[in-house]
Every structure is written in C-alpha cells, then in structure tokens.
Amino acid sequence: MSESLANADRRERLRKLALETIDLNKDPYFMRNHLGSYECKLCLTLHNNEGNYLAHTQGKRHQENLARRAAKEAKEQQYRPNKPTVVAARRVMKIGRPGYKVTKARDLSTRQRSLIFEIDYPQAEEDVQPRHRFMSAFEQRVDSTKDREWQYLLFACEPYETVGFKIPNVEIDKGEGRFSSSWDGKAKKFVLQLYFREKGAEGGGREGGRGTPVPDHLQRNGGRGPSPRGGGAGIMYGGGHQQQQQQQQQQQQMYPPPPPPPHLQQHLRGVGQPPPPPPPPPGRPGGGFGGYGGGAPPPPPPPPPPRY
C-alpha cells in the first residue's frame, strides 16, 4: 500500500470512530453553510461532508486551536467578577404586632434627652435575632406627610410585623455608653436605649450643649445665670417668662423711678411737683468759679442714671 492510500485509510478509520463517539449537534464549532458544505468556525476550514469534518477534528491543527482557546478562556476567567448571589426572601406568615413600651428619660449630668424602647416578642423563634434601623421621612411610605423634622426607628422580628416609631430628627449620640441594644432570649424582650445630641443655642439654652454638662453654679441657682450688673435677670437657663417678670418687679421696688426730663417739668408743676429753684443771679464774665458771676459755686452734678 502506498503512502497516499495509507493516509486515506487512516482518515477513514478516524471518521468512523468520530461518528460513533461525537455528536455534531453538540459541537459549538460545527456549521453548515448555504452551499451545502461544512465549516469549522475555530480553524476557519471548509469541508465537503461530515466525515471529512470529523476527521479534521481529530487532527493536530484542530487540537492545538482547542488548547489555545481553553487557555485564553481560563485567563479571562481570573479577571471576570463573580456573579452576585441572590438570596430569596423568606415568606413567613405574620401573626400581628408585638407589645412595646417607650420611656422618656434625661441624663442629669449632661442634660441629654434619652428614649428607651422595650419590644416584647414572646413567640419569636430560637435562632431569630430582632433587628432595628433608622429611616428618614422621605424614605417611608406609611405617613403621607414628609416632614424633615422627624425620623423613624423600625424594629423587625419574625413572625411579627415590623413596627416603627416617630422620633425627632436630631443627631444620635453614638459615643461609648450612649447607644446600646440587648436581646433577652429567655424573656423574649428586645431593649434599645439612645441619646440625642442637643444643640447649644446662642444666648443661653436649657440644654447643656452637645453632651456638655451644665455648670454647678447654674444648677444650684435654679438654672439662672448671674446678672451682668449684680441684680438683674441675666441669661435665663430655663426660668421662663414669669420669673423674668418677677425680677423686673423687684428691680422697680429696689430703685426709685428716674426724674422726668427738663422739658416736661414745667407741665408737671400742678401735679404735686415742687416749683423749680430760682436761677442764680447773673455775674460778671470771667469772675467766680469757672466763669459763673457773683462768686456763686457751680450747679450740682446731675443725678446718676438708674441701674437696671
């Protein structure tokens, strides 16, 4: 047998072996064109029949191209991001709203307002941990009014419904010991305590600022600061409008009213006012004290202004 006949016999044997082991419908590189012939999309070769294509797939050229393509795909797979895993939401039958208790408190040292939330979940599962989150007024969809002065604190635990509380939109103090939450697995009670950061107002405010304590001399004085002149109301730290009026009445009793101005004294002579003293006699210019004639002393100084 000549060499050409040996090659033809080898290709025929490979074709028959490939027909028995390979399914052309699952080959991604096999394609039939409009002329009735077959093409290999990997090697870009044209074949007359299926046997010829199957013999080509067993050849050296096609096997090298397959190895090169596999190496390229493995290299691209390293830099390809992983597909995000989507966790399906659990569908649990809700049994109603939990019982709750809200307590308002205030820290005596820092004068910060505090809220304590106690939520009861008596039928909660053993491996379920209650959760909480803060929600803005523009994120929620239950209340129709969108007021930026309020925010919402939500609590969730299966199989109970999610409950929310409307609290002031003030910065929450996340310092040490200022924000805490605990879950009692035996009593089935979730407790959360938070503190608000109070904003110190200019000119005096009731709160002691952002977590700063009120001075001791202000606490002993009932919240009133010292007067700038030693007897007034001064800066009020929570006394109120009624205390300010009492201070003004005490000042009026302590100091007499000021005398009327000179241009009104002549109109008040018939209302129990004594007549004004006679003017001094005219003197010679340049004589006496300070230019006053007749040697008369200068007039007394005006009375000091009243102290308020």
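Two strands are taken to pair if DSSP finds at least two bridges between them, strands being DSSP runs of E of at least two residues and helices runs of H or I of at least four residues, both numbered from the N terminus. The structure described here is a predicted model, in which local features need a pLDDT of at least 70 and side-chain atom pairs count only at pLDDT 80 or more, whereas totals for chains, interfaces and linings use all residues. Residues are numbered from 1 along each chain as its sequence is written, and side-chain values use heavy atoms, with hydrogens and water left out.

The protein contains six helices and ten strands. Of its 308 residues, 24% count as buried, a class defined by a relative accessible area under 20%, with exposed meaning over 50% and partly exposed in between (1.4 Å probe, protein chains only). Among contacts (heavy atoms within 4.5 Å) with a separation of 6 or more, 46% are accounted for by residues 24 or more positions apart.

The pLDDT, which is the predictor's confidence in each residue on a scale from 0 to 100, averages 76 over the protein, and 70% of the residues score at least 70. Over residues 201-214 the pLDDT stays under 50, and for this stretch the model has 26 contacts beyond four places in sequence. Residues 217-239 likewise have a pLDDT below 50, with 38 contacts in the model beyond near neighbours in sequence.

Strands of a sheet pair through backbone hydrogen bonds, either parallel or antiparallel. In this model, three strands form an open sheet in the order β1-β2-β3, with antiparallel pairing. Strands β1 (30-32) and β3 (45-47) stand at the edges with a single partner strand each, so one side of each is left without a neighbour in the sheet. From one strand to the next the twist averages 30°, where axes are lines fitted to C-alpha atoms (for helices over the stretch in contact) and angles run from 0 to 180 degrees between N-to-C directions. Strand β2 (residues 38-40) is joined to β3 by three bridges, and Tyr38 stands opposite His47 in β3. The loop between β2 and β3 holds Leu44, which has a positive phi of about 60° although it is not a glycine; at 73% relative accessibility, Leu44 counts as exposed.

Helix α2 (residues 50-57) is largely enclosed by the rest of the structure, because six of its eight residues are buried. The buried residues are Gly51, Tyr53, Leu54, Ala55, His56 and Thr57, and they pack against α1 (3-21), β1, β2, β3 and α3 (60-79). At the start of α2, a side-chain oxygen of Asn49 reaches to within 2.7 Å of the backbone nitrogen of Asn52. His56 counts as buried, with a relative accessibility of 13%. Not counting residues up to four places away in sequence, His56 touches Cys40, Cys43, Thr45, His47 and His62. The side chains of His56 and His62 are also joined by a polar contact of 3.5 Å, the term denoting a pair of N or O atoms within 3.5 Å of which, within protein, one must be able to donate a hydrogen and the other to accept it, residues adjacent in sequence counting only if both atoms are side-chain atoms.

A hairpin is formed by β9 and β10 with four residues between them, and Lys188 in the turn has a positive phi of about 60°.

Most residues other than glycine have a negative phi, and most peptide bonds are trans. Besides the cases given above, Arg111 has a positive phi, near 60°; Arg111 is placed in the loop between β4 (99-106) and β5 and is partly exposed, with a relative accessible area of 22%. The peptide bond from Glu158 to Pro159 is cis, with omega near 5°, and Pro159 is found in the loop between β7 (150-156) and β8 (163-168).
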